[in-house]
Amino acid sequence: MKKILQDLSFVELENLIENYGEKKFRAKQLYDGIMRGKKISQINISPALREKLLEEYEDEPVKIIKTLTSADGTEKYLFSLADGNVIEGVLMKYKYGNTQCVSTQVGCRMGCKFCASTLGGLVRDLTSGEILCQVLAVNALHSDGNKRGVTNVVLMGSGEPLDNFENTIQFLKNVSAEGGIGISPRNISLSTCGLVPKIYELADIGLPVNLTISLHQTTDEGRARTMPIAKKYSIAEILKACEYYFDKTGRRYIFEYSLIANENCGKEHAEGLIKLLKGRPCHVNLIRLNEVKERTLKSTTDKQAYTFAEELSKGGLSATVRRSMGSDIGGACGQLRASYLKEED
Ligand code: SAH
């Protein structure tokens, strides 16, 4: 596989251009083209430079090969990578802007029982440039003059971002760099199943992204039934890491709680959550489980979800039921890729 130009920061790109014996200002032309989601072969640079670059670097490291559009406007993409792997992403349209959900790995090794991304295990990590290219490609599809197509990013596609730490951090730096696509860390949410030591590291790096924890249960034993990572890190350890994150960044943290019938949405669970989270600077996002064909777990009804949210609110928590978007097009993690791989078999 060739190298990926989008892995580089602007300064690294300048160094590369200088090493090629070209004038420094060429780096800006190249960088602007990249940030507009162009292929190397489409960027307005000298033919000689283009040729040199194409010998070493992928022309288009991430390609959109399929787009599905939901009745609610949500778009789901299947991307192919240079080595033939596929990943997926989603764009959700809100009043305030467009939020893109990106993948950080091909597959995932965390093994959560409700999640389709983990069905075939981890294939490989994505490079920072491959994560960035997903945003650049979708932004290019939707930007209109100076208006950005993608305003917010959530790291909630396939993969565990903190299990691909270095590349994820590099991506966060490059996607938020001034002069580039410039998406502020405050408009980026990083979701993790709770790799505790990496939460501390993230806090210390000083990129104030919104930290989102996939909690989905109120006890360690209960959590371990669907999330193997719970055997490694306890809820108490996660909460301590969240406190540290808040102290360092001043950012309120968020808990994702996917409602699974007969598993985590009884009265005792509402009480358990209140006990764990009351008084903390956090918010709870309730999501009805997106049922995955290959899995047996079932979702709750809307009514149960709203009753659960009400109980949390009464108990003093900030909690909302998230609108389910794009479920008619397989909005849940890994579903599109899983069905694509099946078609390929
Ligand atoms: N690995 C990261 C991010 C990827 S998943 C993490 O675990 O947070 C993004 C969110 O979707 C997580 O909260 C995950 O638990 C949740 N999720 C995965 N499959 C789901 C499904 N079928 N229905 C509802 N939520 C799901």
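Select Tyr94 first. Its relative accessibility is 25%, so Tyr94 counts as partly exposed. Keep in mind that this is a predicted model. At 58% relative accessibility, Tyr96 counts as exposed.

**Stop 1: rings**

How many aromatic pairs does the structure hold? There are 6. Tyr94 and Tyr96 make up one of them, and this pair is stacked. Draw a distance between the two ring centres: the value is 5.2 Å. The angle between the planes is 5 degrees. Planes under 30 degrees apart count as stacked, which means that an angle can be sorted at a glance.

Next, select Tyr257 and Phe308. Their ring centres are 5.6 Å apart. Their planes meet at 20 degrees, so this pair is stacked as well. Where do the two residues sit? Tyr257 is in strand 10, residues 253-259. Phe308 is in helix 10, residues 302-314. Are Tyr257 and Phe308 buried or exposed? Both are buried.

Stay with rings for one more view. Select Phe165 and Lys198. Lys198 lies over the face of the Phe165 ring. The distance to the ring centre is 4.9 Å.

**Stop 2: the ligand**

How many residues surround the ligand? The count is 18. The closest are Gly159, Ser191, Ser214, His216 and Asn290. Colour the shell by residue type. You get 8 nonpolar, 8 polar and 2 charged residues.

Switch to the cartoon view. Strand 8 (188-192) supplies at least two residues of the shell.

Now pick out single contacts. Begin with Phe114. One of its backbone N or O atoms lies 3.0 Å from a nitrogen atom of the ligand. Move to Thr192. A polar backbone atom of Thr192 is 3.3 Å from an oxygen atom of the ligand. Then go to His216. An N or O atom in its side chain is 2.6 Å from an oxygen atom of the ligand.

How much of the ligand does the protein cover? On its own, the ligand has 530 Å² of accessible area, and the protein covers 93% of it.

**Stop 3: His216**

Keep His216 selected. Which part of the chain holds His216? It is the loop between strand 9 (210-214) and helix 7 (220-226). The relative accessible area of His216 is 5%, so this residue is buried. The His216 side chain also reaches the backbone oxygen of Glu256, at 3.3 Å.

Check the backbone angles too. Phi of His216 is near 65 degrees, a positive value. Most residues other than glycine have a negative phi. Asn262 is another non-glycine residue with a positive phi, near 55 degrees. Select Asn262 next. Its place is in the loop between strand 10 and helix 9 (267-277). Is Asn262 buried or exposed? With a relative accessible area of 82%, Asn262 is exposed. His216, by contrast, is buried.

**Stop 4: strand 9**

Select Asn210. This residue lies in strand 9. Its relative accessible area is 13%, so Asn210 counts as buried. Along the chain, Asn210 and Ile254 are 44 residues apart. Their C-alpha atoms are separated by 7.6 Å.

**Stop 5: strand 3**

Select residues 86-93, which form strand 3. Glu88 is found here. Is Glu88 buried or exposed? At 3% relative accessibility, Glu88 counts as buried. Show its side chain together with that of Lys76. A polar contact of 2.6 Å joins the two side chains.

Met92 lies in strand 3 too. At 15% relative accessibility, Met92 counts as buried. Met92 and Asp220 are 128 residues apart along the chain. Their C-alpha atoms are separated by 33 Å.

Definitions and conventions: Residues numbered from 1 in each chain as written. Predicted model: local features only at pLDDT ≥ 70, side-chain atom pairs only at ≥ 80, totals over all residues. Heavy atoms only, no water. Phe/Tyr/Trp six-rings, centres within 6.5 Å; stacked < 30°, edge-to-face > 60°. Buried < 20%, exposed > 50% of the residue type's maximum accessible area, 1.4 Å probe, protein only. Helix = DSSP H or I, 4+ residues; strand = E, 2+ residues; numbered from the N terminus. Lys NZ or Arg CZ within 6 Å of the ring centre and 35° of its normal. Near = heavy atom within 4 Å. Polar contact = N/O pair within 3.5 Å; in protein donor to acceptor, adjacent residues only side chain to side chain. Areas by Shrake-Rupley, 256 points an atom, 1.4 Å probe, with all protein chains shown as cover. Nonpolar A, V, L, I, M, F, W, Y, C, P; charged D, E, K, R; others polar.
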